[in-house]
Amino acid sequence: MSRLHIADTGLFVAMGQPSNSRYQAVRRFARRNDVTFVLPERVYEELTVDDPDIEDVPVDAAIDEGWATVAAPLEFSEPIVSRAMDGVQRYIANADDRPADEIERADAALAALAAQHLSTGTASAVYIYTTDIAAGEGAETVLASEGYGDSVTFVNGFRFIEDLVAGDG
């Protein structure tokens, strides 16, 4: 069974810098379990800034170390990718009581990336690590409606990091 581990912006923000114990715990988890966290392009763009004062971006360190990577562009010509993206944006909008066009597209890209891999068979199980509860629940709900309910797991990013740090302590 091929597993895909998708990470959002919040996970990397919560981990902090490479010198941080939270970052180190996630890195150890990835290495011990042969996990590579995949980031949609939109997530990577949120995590990187064009600021000459910032030299070391934590996500770039993770990529250089081989336990994170940036996904290929989403295939919006595939109907399931577009449906997942739109569905999660609507789910989050309803959960947060705000217009769907104000929802971060990076949040919806998590489900769109999962849909793309599940529909092509390049993944049979997807774990979505996000600190945004509505995005995680939305991804599970929308992908379940597409027939992938048993294949998608929302992992609360904050709880995941807390559990790792507690286990290493």
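In the predicted model, His5 has Phe37 as its bridge partner in strand 2. This bridge belongs to the pairing of strand 1 (residues 3-7) with strand 2 (residues 37-39), which runs in the parallel sense over 2 bridges. In general, the strands of a sheet pair through backbone hydrogen bonds, either parallel or antiparallel.

The sheet is open and consists of 5 strands in the order 3-2-1-4-5, with parallel pairing. Its edges are formed by strand 3 (68-70) and strand 5 (152-156), each of which pairs on one side only. From one strand to the next, the twist averages 30°. Helix 7 (residues 133-148) packs on this sheet, where it touches strand 4 (125-130) and strand 5. The direction of helix 7 makes about 175° with that of strand 5.

Helix 2 covers residues 21-32, a run of 12 residues. The N-terminal end of helix 2 is capped by Asn20, from which a side-chain oxygen lies 2.8 Å from the backbone nitrogen of Arg22. Within helix 2, the buried residues are Tyr23, Ala25, Val26, Arg27, Phe29 and Ala30. After helix 2 comes Asp34, with a positive phi near 50°.

Terms used: Residues numbered from 1 in each chain as written. Predicted model: local features only at pLDDT ≥ 70, side-chain atom pairs only at ≥ 80, totals over all residues. Heavy atoms only, no water. Helix = DSSP H or I, 4+ residues; strand = E, 2+ residues; numbered from the N terminus. Expected span 1.5 Å × (residues − 1). Buried < 20%, exposed > 50% of the residue type's maximum accessible area, 1.4 Å probe, protein only. Polar contact = N/O pair within 3.5 Å; in protein donor to acceptor, adjacent residues only side chain to side chain. Pairing = 2+ DSSP bridges. Axes fitted to C-alpha atoms, helices over the stretch in contact; angles between N-to-C directions. Contact = heavy atoms within 4.5 Å.
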